[in-house]
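This report considers a single protein chain through its secondary structure, its strand pairing and selected side-chain arrangements. The sequence and the structure are shown first.

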Amino acid sequence: MSVAQGLGVRPPSCPDLEAALVRGERALFEDGDLQRARRWFDRAYVRAEECGDQAGLAQAALGLGGIWVHEYRTAVEWEKVRVRQRHALSQVEPGSPLALRLRLRIQGEEDYRGGTHDGILRLLDQARGSGDALALAEALSLAHHCVLGPGHGKLRMELSGELIGQAAVTGRRSDLIMGLMWRTVNLHLAADPHAERCMQELRAVLDEHPNLAIEFVVRALEVMLTIRAGRLEEAERLAGVCFERGVAAGDIDAIGWYGGQLGAIRWYQGRAPELLPALADLVNSPTLSPIDNSYVAALALAAAVAGDRRLAAGHLARLRGRDLAEVPSSSSWLVAMYCVVEAAHLLQDADTAACAYALLSPYAHLPVIASLGVACFGSVRHSLGMAALTTGDLDLAIAHLREAVHDNLALGHWPAATLSRCRLGQALALRDGPADETARAELATAAREAADLGMVLPAVVGRPPRADGACRFRRDGRHWHVELNGRVALVDHSVGMAHLATLAANPGHEIPSADLAAGTAASTAASALAGRTAGRATAKKRREGSRESVQPILDDVARDSYRRRLTGLQAEIDEHEAMHDLERAAALRMEREWLIAELAAATGMGGRARPFAGNEERARIAVGKAIRRALDRISAVDRTIGEELRATVQTGVRCSYRPR
């Protein structure tokens, strides 16, 4: 079939124009190679103008639009294509099928950019009555783009079913693939339990007739499903493969979708602040859709998690504008609202939470899915629960979060179910007290599941941020979270960071460099005791005038005190972990490990005391260098925190941290 026959118009008058149109159509509709198709249709448009071929001009202008709407994001590219399409429309017979198809394309673009759909739906009805099969097929797909908001699920299902049926009339395989793709996406957006059956049908068609553009969508769905399954590291690898497929297809959304997938993965890993630089670039990128506000909301959330309240509040205000209800409905609207609710909770912004609750309530039954299935954040009921929690309605929050756990389990979204369970346990503890058996059971289950999935669960709900001028260190794998008055710096682990963490855990206490070098204390009580013991050792050395001490590292009183402390530590650790107070539990574990190490170092054969044989000067130099390197690393990430620590940390034979 020639391109003219496939498009239902007379052949162009120039043979080379016909060849360019044929190659453009093959690249677009058969191969799904959007980039190559654009080049051929651009060449065809120029040649049609030279030949004065009106039909060829219209066909090339239609092809330039591609298979999606808003494929051109920069102002220059968009205006160029828009002018060409309008010019082509002015050159053809107003009542012709080509004119109708051009009007459909132009209206679809305008409706999408404006966040509306009335115009394209009116023209869809006109296409149904026109008798032109191609116009109707294209209208059905264009209309899909304009009704991707959460309130149009039923309409989308009708459109996708009609498009699959229309493919038998047009005879174009691309219409069948597009119809199956829309149906697959719609079923996932509706949380239909049989969505993956349709996806298997789509995969089977693609196995026979590969299409880069549609395969990119399928790859994105696979990433989403892998995140739901809790295989976060595998999902990150697949996201890279998906990105490469999008680039190969020439899809402008390749970067944005990859950012959304990484955002979901880092959120559940507790590493959202790592995305701050990338999100800051993305929110101002011309590659984003004009009605996609999810990245602004994600930036507000990442900043809130990092403790940068000013940045978070600023972007939340930017998104909210005069009225949160004015944020246009789109395929990313639910994700934007999810981030708004989470950020509002961290900022304790009850007004924004209440607005979001009212807007989200009609969609409680839906999952929060980005775009055509890029990433999923679980049930909308989780966001309703968090919004209610922020406004202080604990009973309502508990009801929503309990339902969210059920919904997320039904979705097979294990990270979302674990997060909802954690928040449920925390809300129960706030309402019924930390000793409540149900709260403890939910929190314990969430903690076990999080450990299995490689997740980091959020801190206790309702605990106000500390702003007492003291710096705090929290270790998370290979990184340290350094917190100061709401600011957070994420710094790689090093020996110096461990030294600083010990000093920060014991503000105002002097700790000998020799103790830091040997394996330091992790609690005020232990460090104070170690400081007193080491102080006696130092005094004795000075009295004896010797560089090397021969007294015991720990005397009998110190060893007995350490052992008594050890017996009670595990019970405290278990209690704090049950309440999911991971910060305090981690500090107690560090203390326990230090006490065990100290006792082992201080005890020789047969339990006898081991003599001290350290070198004070060598320890002073090594510890000082390690701490200074760590301060340089912190300053590189957050200058304010770094400068504060430089002013309050003292090094030497004895080291200390004295917050102002």
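The sections below proceed from the whole chain to individual elements and residues.

## Overall composition

The structure is a predicted model. The chain contains 30 helices and eight strands. Of its 660 residues, 54% are buried. The accessible surface of the chain amounts to about 28,000 Å², and carbon and sulfur atoms account for 52% of that surface.

Among contacts between residues at least 6 apart in sequence, 63% join residues at least 24 apart.

## The open sheet β6-β8-β7

Three strands form an open sheet with antiparallel pairing, in the order β6-β8-β7. Strands β6 (511-512) and β7 (649-650) stand at the edges; each has a single partner strand, so one side of each lacks a neighbour in the sheet.

The pairing of β7 with β8 (residues 654-657) is antiparallel and consists of two bridges. Within this pairing, Q650 has S656 in β8 as its bridge partner.

Strands β3 (residues 471-476) and β4 (residues 479-484) run antiparallel and are joined by six bridges. Across this pairing, R472 stands opposite E483 in β4.

The two strands form a hairpin with two residues between them. One of the turn residues, G477, has a positive phi of about 65 degrees.

Which residues other than glycine have a phi near 55 degrees? Q348 is one of them, with a positive phi near 55 degrees, and S371 is another, also with phi near 55 degrees.

Both residues lie in loops. Q348 is in the loop between α18 (333-347) and α19 (350-360), whereas S371 is in the loop between β1 (367-369) and β2 (376-379). Their accessibility falls into separate classes: Q348 has a relative accessibility of 48% and therefore counts as partly exposed, while S371, at 14%, counts as buried.

Helix α30 (residues 639-648) has I641, G642, E644, L645 and T648 as its buried residues. These residues cover an arc of only 165 degrees around the axis, which means that they lie on the same side of α30. As a general rule, an α-helix has 3.6 residues a turn, so residues three or four places apart point the same way.

H315 is buried, because its relative accessibility is 14%. Leaving aside residues up to four places away in sequence, H315 touches V296, L299 and A300.

## Aromatic pairs

How many aromatic pairs does a search of the whole structure find? The search finds eight.

F243 belongs to helix α13 (residues 232-249) and Y258 to helix α14 (residues 254-269), 15 residues apart. F243 is partly exposed, with a relative accessible area of 28%, and Y258 is likewise partly exposed, at 27%. Elsewhere, ring pairs link W267, Y268, Y338 and F377 into a cluster.

## Arginines over aromatic rings

Two arginine placements involve the faces of aromatic rings. R38 lies over the face of Y72, at 5.8 Å from the ring centre. R172 lies over the face of F29, at 4.6 Å from the ring centre.

Terms used: Residues numbered from 1 in each chain as written. Predicted model: local features only at pLDDT ≥ 70, side-chain atom pairs only at ≥ 80, totals over all residues. Heavy atoms only, no water. Pairing = 2+ DSSP bridges. Helix = DSSP H or I, 4+ residues; strand = E, 2+ residues; numbered from the N terminus. Buried < 20%, exposed > 50% of the residue type's maximum accessible area, 1.4 Å probe, protein only. Arc of directions from axis to C-beta. Contact = heavy atoms within 4.5 Å. Areas by Shrake-Rupley, 256 points an atom, 1.4 Å probe, with all protein chains shown as cover. Phe/Tyr/Trp six-rings, centres within 6.5 Å; stacked < 30°, edge-to-face > 60°. Lys NZ or Arg CZ within 6 Å of the ring centre and 35° of its normal.
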